Amino acid sequence: MTEDKESVIRIFNFVYILTLVGTIIQFSEESKFAVDMSKIGLTRVPKDLPPETKVLDMSQNNISELHISDISFLSGLKVLRLSHNRIWCLDFSIFKFNQDLEYLDLSHNQLQKISCHPIMSLKHLDLSFNDFEVLPICKEFGNLTQLDFLGLSATKLQQLDLLPIAHLHLSYILLDLEGYYVKENGTESLQILNTKTLHLVFHPNSLFSVQVNISVNSLGCLQLTNIKLNDDNCEVLIKFLLELIREPTLLNFTLNHVETTWKCLVRVFQFLWPKSVEYLNIYNLTIVKSIDKEDFTYSETALKALKIEHITNRVFIFSQQALYTVFSEMNIMMLTISDTPFIHMVCPQAPSTFKFLNFTQNVFTDSIFQNCSTLVRLEILILQKNELKDLFKIGFMTKNMPSLEILDVSCNSLEYDGHDGNCPWVGSIVVLNLSSNILTDSVFRCLPPRVKVLDLHNNRIRSIPKQIMKLESLQELNLAFNSLTDLPGCGTFSRLSVLIIDYNSISNPSADFSQSCQNIRSIKAGNNPFQCTCELREFIRSIGQVSSDVVEGWPDSYKCDYPESYKGTQLKDFHVSQLSCNTALLIVTIVVTVLVLAVTVTILCIYLDLPWYLRMVCQWTQTRRRTRNVPLEELQRTLQFHAFISYSEHDSAWVKNELVPCLEKEDIRICLHERNFVAGKSIVENIINCIEKSYKSIFVLSPNFVQSEWCHYELYFAHHNLFHEGSNNLILILLEPIPQNSIPSKYHKLRALMTQRTYLEWPKEKSKRGLFWANIRAAFNMKLALVTENNDVKT
C-alpha cells in the first residue's frame with residue numbers, strides 16, 4: 001500500500017473517530033431526557049410526560065390526533081418521532097411552544113392535509129409515506145433555513161410544487177411516489193432546485209412506468225427504490241434517468257430492490273457507462289426470465305466502482321460465460337459482487353484495470369483466478385465467506401498478481417497440510433486475513449514473506465512451531481480465539497508491535513515474553529484461563545509494569561480461572577509470598593530454622609544442664625508414683641526423721657563432730673546417708689526417700705558442696721519437694737563463704753536459693769555460736785509441736 005493510501009486511511013479513521021465521539025457525547029447528553037413510548041398501543045399522547053423531555057419516541061402506536069396541549073409543556077423538546085401511527089390531520093401551530101424542536105418524523109401515517117406554521121429550529125422534517133394528493137409544501141416552509149432533510153409524498157406532481165423552498169440548500173430529499181398516479185400518454189415535470197441527495201421511492205409491485213421530468217441542480221447522489229423492469233419498459237427507466245443524470249455533479253447512483261431481466265440490466269449498465277456517475281450501487285437485485293449473451297461496449301467511462309449486494313437469480317439454466325464475462329471485462333477500478341449465488345468469475349481476457357475486487361459471500365472454489373495473469377493492477381482482493389479449502393492453491397492464485405497488497409480469505413474452510421513445501425505467494429502482500437478457517441500450526445509454514453498485518457483469529461492453532469520461516473516484516477498479529485497455551489516469542493517476528501491473543505487456552509504464560517518482544521506497543525491477552533500459581537507471578541509483575549495503553553483490557557479482562565479459591569480474581573490482586581513459591585528458599589529457610597533451633601537447644605542444654613534436670617524429674621516422678629501406691633497406714637509411718645542432712649564428704653568432720661551431736665542432743669532425729677540409705681535401692685531413690693521421710697532438709701553449703709554432684713541432686717529434690725508439698729522445709733547452713741562466680745551455671749537453683757532464701761552462717765568466733773544453735777533449735781521447735789499434735793510423733 002502506498003504512503004498516500006495510508007495517509008488517507010489514517011485521516012479517514014481520525015475524522016470518523018471524532019465524529020463518532022461527538023455523536024456519542026451528544027446522544028449521552030440527550031439520553032438522560034429521552035422517553036421511549038413506542039410500540040405500546042397508545043391512542044393519544046400521555047399527559048404525564050416529564051417536562052424536561054428532549055427526545056420523545058411515540059412511533060408505531062395508534063395515535064390519530066395531536067393537540068397543542070399534548071406537547072406545549074415540553075419546551076425543551078428536540079426530537080419527536082410519531083411515525084407509523086394513524087394521524088390524518090396536523091396543524092403545525094401546535095409546535096409553536098417547542099422552539100427547540102429539530103427533528104420531526106411523521107412518516108407512515110394517514111395525513112391528507114396540514115396547516116402550516118413556521119418552526120424555525122427544524123432540521124429534519126419527514127412527511128413521507130402519507131396520503132397527500134399533492135406535495136405538502138407551504139410558503140412557511142421557506143423560512144426553515146436550518147432544514148437539512150425533507151421527506152414528502154404525493155400522488156400528483158406539478159413543476160412548481162417545490163417553489164416555496166427553492167432557495168433552501170437541502171442535503172437530502174426523500175420523495176415517496178408509491179401512490180403516484182401515472183397519466184397515460186402524459187409527462188409531468190418537477191423542478192427540485194437544490195439538494196445533494198434525492199431519494200425516490202416507487203410502488204414495489206408495479207412495473208416502472210413513471211414519466212416525470214425531474215431536474216435538480218448540484219445533485220450529487222441519486223437513489224431509486226423499488227424498480228421493477230422487463231425488456232419492454234426498460235427504456236422507460238432510461239428516459240426517466242436522462243434528465244437526472246445529465247448533471248456532471250452526479251457521482252453516486254444507487255438502486256434498491258430491483259427486479260429486472262439480464263438484458264435490461266446490461267442496457268442500464270451501457271446507458272450509465274459514458275455518464276458522469278463514478279459509484280454505482282445496486283442492493284437486492286433479482287434477475288428474471290433468461291440470461292443470454294449480450295453485447296457490451298466498454299467505452300471510456302468515469303465509473304470507478306460497481307457494487308452489487310444480494311443477488312437472487314431466478315434463472316436456473318444459463319450460460320455462465322455470458323454472465324461472468326460482462327463483469328470480468330469491465331474497465332473500472334473497483335468491483336463488488338457479494339451475497340450472490342455466483343460460483344465462479346472468469347479471468348479478464350486482457351490486462352485489467354481492477355484494483356479492488358470484493359466477492360464476499362459467494363460460492364467460489366479454489367479454482368478462482370487460477371493461472372490468471374491479467375489482474376496485474378489488483379491491489380485488494382476480498383474472497384471471504386466462500387467455499388475455499390486449500391491454502392496452497394490460494395497462494396498459487398496470487399502468484400500472477402504482482403500488485404496485490406491486501407488479501408482477505410476469511411470465513412472459508414481453508415487448510416494447509418504442508419505436503420506441498422513452500423507456498424508460492426506473491427511477494428507484494430502486506431495484509432492477509434486468514435481468520436475463521438480451520439488452519440492449524442502448519443499455517444506458519446505457508447505465509448507471504450513480507451506480510452505486515454496477519455489475522456489468524458478463530459482457527460485451530462495450538463502453538464507456533466519453532467522451525468518456521470522468519471516473518472521479519474510482520475507488525476500486527478491476531479491469534480485470538482485459538483487454542484494457544486502460551487504467548488509466542490518474537491524470535492521470528494522481530495518487528496512485531498501489535499499482538500492480539502485473547503480467548504485462547506493460555507494458563508501459564510512465559511515470563512520472558514516482554515524481554516523477547518521489545519517493540520510491542522499493543523497487546524491484548526485477556527480472557528484466558530490463567531492459573532494463579534507461583535509460575536504466574538513473574539508474568540503479572542512484568543505485565544503490570546507496562547502502561548495500560550499498551551496492555552489492552554488490563555486489568556478487567558485478566559482474571560484467575562484456577563484454583564477455585566481465586567477464580568474471578570483479577571491478576572493484579574493475586575499475591576503470593578516469595579517463600580511459598582521458591583522451593584530452594586523454602587528448604588534453606590527450614591534447614592536454617594532447624595539448625596538455629598538445634599544450636600539453641602544445644603547451648604541451653606550445655607548451659608543449664610537440661611539432660612540432668614530431665615533425668616532428675618523422671619526419677620523423682622517415678623518415685624512419687626511408687627509412693628502413691630503405698631497403703632495409707634504405711635504412708636502415715638513414713639515421716640521418721642526431723643531432718644535429712646546433705647553435705648560434702650569433705651565437710652563430714654564438721655557435720656559429725658559439731659552438727660549431728662548438737663541436734664541429737666535436743667532429741668532431733670537426723671537422717672544421714674551413710675547410716676540410713678537402704679541397701680539395694682539406687683542412690684537417687686534413697687535420696688528421695690530420705691527427703692520425703694524427713695520434715696526438714698539441712699544443706700551444709702561450702703565450696704566443697706558446690707563441687708559435689710550428689711549434693712546438688714539432694715538440693716534439687718528437696719527444692720522440688722518444697723513446691724510439691726507447699727511447706728518451708730529447707731534449712732541452709734553456710735559453713736564457708738561461697739563466691740557467686742564459683743557456682744557452676746548448671747546449678748542455677750543453688751544460685752536462686754542463696755539469693756532468695758535466708759541461710760544460717762556458721763560463725764568462726766565461738767562467742768557467736770550460741771545464737772547459731774538457738775536459731776537451729778527454733779527452726780525445729782514450732783514444727784515439733786505440730787507434728788506431735790497431728791501425727792502422734794514422739795519428739
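Guide: Start with terms. Strands (E, at least two residues) are DSSP runs, numbered from the N terminus. Two strands pair if DSSP finds at least two bridges between them. This is a predicted model: local features need pLDDT of at least 70, side-chain atom pairs count only at pLDDT 80 or more, and totals for chains, interfaces and linings use all residues. Residues are numbered from 1 along each chain as its sequence is written, and side-chain values use heavy atoms, leaving out hydrogens and water.

Visitor: Which strand is joined to strand 8 by five bridges?

Guide: Strand 9 (residues 170-176), and the two run parallel. Leu150 has Ile173 of strand 9 as its bridge partner. Strand 7 (residues 124-126) also runs parallel to strand 8, with three bridges. There, Asp126 has Gly151 of strand 8 as its bridge partner.

Visitor: How do I read the faces of a strand?

Guide: In a regular strand the side chains alternate between the two faces of the sheet. Now use burial: buried means under 20% relative accessible area, exposed over 50%, partly exposed in between (1.4 Å probe, protein chains only). In strand 8, Phe149, Gly151 and Ser153 are buried on one side, and Leu150 and Leu152 are buried on the other. Five of the five residues in strand 8 (residues 149-153) are buried.

Visitor: Is Asn313 buried or exposed?

Guide: Asn313 is buried, because its relative accessible area is 15%. Asn313 lies in strand 15 (residues 305-313). Contact means heavy atoms within 4.5 Å. Leaving aside neighbours within four places in sequence, Asn313 is in contact with Ile287, Ile291, Phe318 and Pro341.

Note on methods:
Helix = DSSP H or I, 4+ residues; strand = E, 2+ residues; numbered from the N terminus.
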